[in-house]
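Please look over the entry below with its ligand site and its packing in mind.

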Amino acid sequence: MGKTTPDYITCLTRNEKREILMPARDAYPAIKQFIEGRWVDGDADTSENVLDPATAEVLAAYRHVTAGQLDCALDAVSRSARGWRDLSPLHRSDIIRRAAQLLRDRADRIAFVVSSEQGKPLHEARAEVYASADIIDWCAEEGRRTYGRIVPSDNDSRLMVTTEPVGPVAAFTPWNFPVLTVARKVAPALAAGCPIIVKAAEETPAGAMAVVSAFADAGAPPGVVNLALGVPAEISEHVLSAGIVRKVSLTGSVPVGRTLSRLAAEHDIRTTMELGGNAPVIVEPDIDVDEVALRCATSKFRNAGQVCNSPSRFFVHAAVHDRFVAAVQRFVRDIRLGAGTAEATTMGPLANSRRVEYVRRALADALDRGAQIACGGGIPSGAGNFVEPTVLTEVADSSTVFAEEIFGPIMPIVRYHDLDDAITRANATTYGLASFVFTGSLAKAHRMARELEAGMVGINTTVVSRAETPFGGIKASGHGFESGLEGVDVYLRRKAILEHDPAAPGRGVSH
Ligand code: NAD
């Protein structure tokens, strides 16, 4: 399609001129629901606009799903559950692996769509698609290893523990990783033998459609994967109350997690809750501080900070604090702000205007409490959800940017003198998803790994999300896991089968 916008606009932020790269234009798909193996329009009178976060232009409009259409999806998962469960794990694995390959084959197109609706740079969107394919492959293999066990007993009896799929799943996915978060729920559910209904985020329906398409095109039978788009609370209330769903998995905010947990409890539904984090980073002085600063900043500003396991609160030893800040400033000054779809962009807009308002308030609060701006700090006026990458020093621990999950491109750095003090302050949060430590001392690293209250610890790395390892939090960050052996296991239940030889003496009653 022809270009409709200039390559960039120039705007004024905190008295500095900044260039913002504008979107490349290409077709964005029509948004549909996927129910019982068919792509259909929503039947509701209400509708949703998908907005380009770089310009606030409407990319597409779609009508919401109705209760009647949700009943069809519920009926579909109910009817397909037995057939999918009884298919051999090898056959299921083939279908799932094919879906991974389809995502890879379509990576460039999917990346463009994700950048358009979510705002992240194209290279990040491509990486998301490939990471999703890796997770799907992992699940395809892991589904073949859902072993039970035989427990030692006397000669006349056998004690067996078998695994079974938990049953139909409802998944609620967010807008920050529209492809990955869907893949990380659909693949393990299917690998374990469970059909699924996905409710994707309103802002990013096309990323979810891409994953669902890959599974459908790979041969998942009709009804095994469904996609519903509409009013979140109406969908969760209807789907979880129907008496069909046996497992709910959410990636989202703490308040929504609590709402869905309550609803699930009322209907005896198992839960996995991945509810975000506020990850501390502790930097000791016995390591290459320039290199650590570069890694920390790269990770912090990825996806404009909208990453639940992102390093968020930076505790840097006083001896290397200034050097760390200077290295981060150099990195941040080179960030090119713009629409995700512009190839030169290295940081995109925030996914929705709610985040911009939250960040604006958090920034003002930090400055009121004495924080200094080391760089950035501007929020460009005009359409688009742009926030400058911002580094703050002298931040009070009580300020919102430190105490709450900021989910934006603000990097607060504080200094510490004593490691015990840093660990105590790092743990002073309701969240417990990830934490990161950088030190040349293994003894210190292992001590911090033990003492930091989090589901994941990165030692001299900012990467804690891998297909092979369990991803999940403690405290308000939720419970349950995605990825790793555990990511499939959460979709399985155990059955104990106790068997006694009828010809043997006794009645098989020991206690
Ligand atoms: P939100 O809580 O309003 O919505 C989050 C998601 O939950 C949306 O996709 C929405 O569709 C869905 N949702 C809302 N109410 C629901 C309900 N009753 N039933 C089912 N689904 C429902 O949050 P937001 O404004 O989109 O994001 C704010 C915060 O959410 C962020 O600060 C962050 O803490 C958290 N978040 C976390 C992750 C993560 O990866 N854990 C991802 C996105 C957002």
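How many nonpolar, polar and charged residues does the shell around the ligand have? By class, the shell holds 11 nonpolar, 7 polar and 6 charged residues, where Ala, Val, Leu, Ile, Met, Phe, Trp, Tyr, Cys and Pro count as nonpolar, Asp, Glu, Lys and Arg as charged, and the others, Gly among them, as polar. This is a predicted model, in which local features need pLDDT of at least 70 and side-chain atom pairs count only at pLDDT 80 or more, while totals for chains, interfaces and linings use all residues. Residues are numbered from 1 along each chain as its sequence is written, and side-chain values use heavy atoms, with hydrogens and water left out.

**Ligand site**

- Of the 24 residues around the ligand, those that come nearest are Trp-175, Glu-202, Ser-253, Arg-354 and Glu-405; a residue is counted as near if one of its heavy atoms lies within 4 Å.
- A polar side-chain atom of Trp-175 is 2.7 Å from an oxygen atom of the ligand, and an N or O atom in the side chain of Arg-354 is likewise 2.7 Å from a ligand oxygen atom.
- The protein covers 86% of the 820 Å² of accessible area that the ligand has on its own, by the Shrake-Rupley method with a 1.4 Å probe.
- Helices H7 (232-241), H8 (254-266) and H11 (353-368) each supply at least two residues of the shell, and H7 gives the largest share, 3 residues; helices here are DSSP runs (H or I) of at least four residues, and strands are runs (E) of at least two, numbered from the N terminus.

**Nonpolar cores**

- The largest nonpolar core has 70 residues, of which Ile-282, Phe-324 and Met-411 touch the most other members; such a core is a set of buried Ala, Val, Leu, Ile, Met, Phe, Trp, Tyr and Cys residues joined through side-chain atoms within 4.5 Å, with buried meaning under 20% relative accessible area (1.4 Å probe, protein chains only).
- Helix H9 (residues 289-301) gives the most to this core, with 6 residues.
- A second, separate core of 63 residues includes Tyr-62, Ala-111, Phe-215 and Tyr-491.

**Helix H13**

- In helix H13 (residues 419-427), the buried residues include Leu-419, Ile-423 and Arg-425, and their cover includes strands E14 (279-283), E15 (311-317) and E18 (410-416) as well as helix H14 (442-451).

**Lys-120**

- Lys-120, in the loop between helix H3 (107-118) and helix H4 (122-142), is buried, with a relative accessible area of 1%.
- The side chain of Lys-120 reaches the backbone oxygen of Asn-176 at 3.0 Å.

Definitions and conventions
Polar contact = N/O pair within 3.5 Å; in protein donor to acceptor, adjacent residues only side chain to side chain. Buried < 20%, exposed > 50% of the residue type's maximum accessible area, 1.4 Å probe, protein only. Contact = heavy atoms within 4.5 Å.
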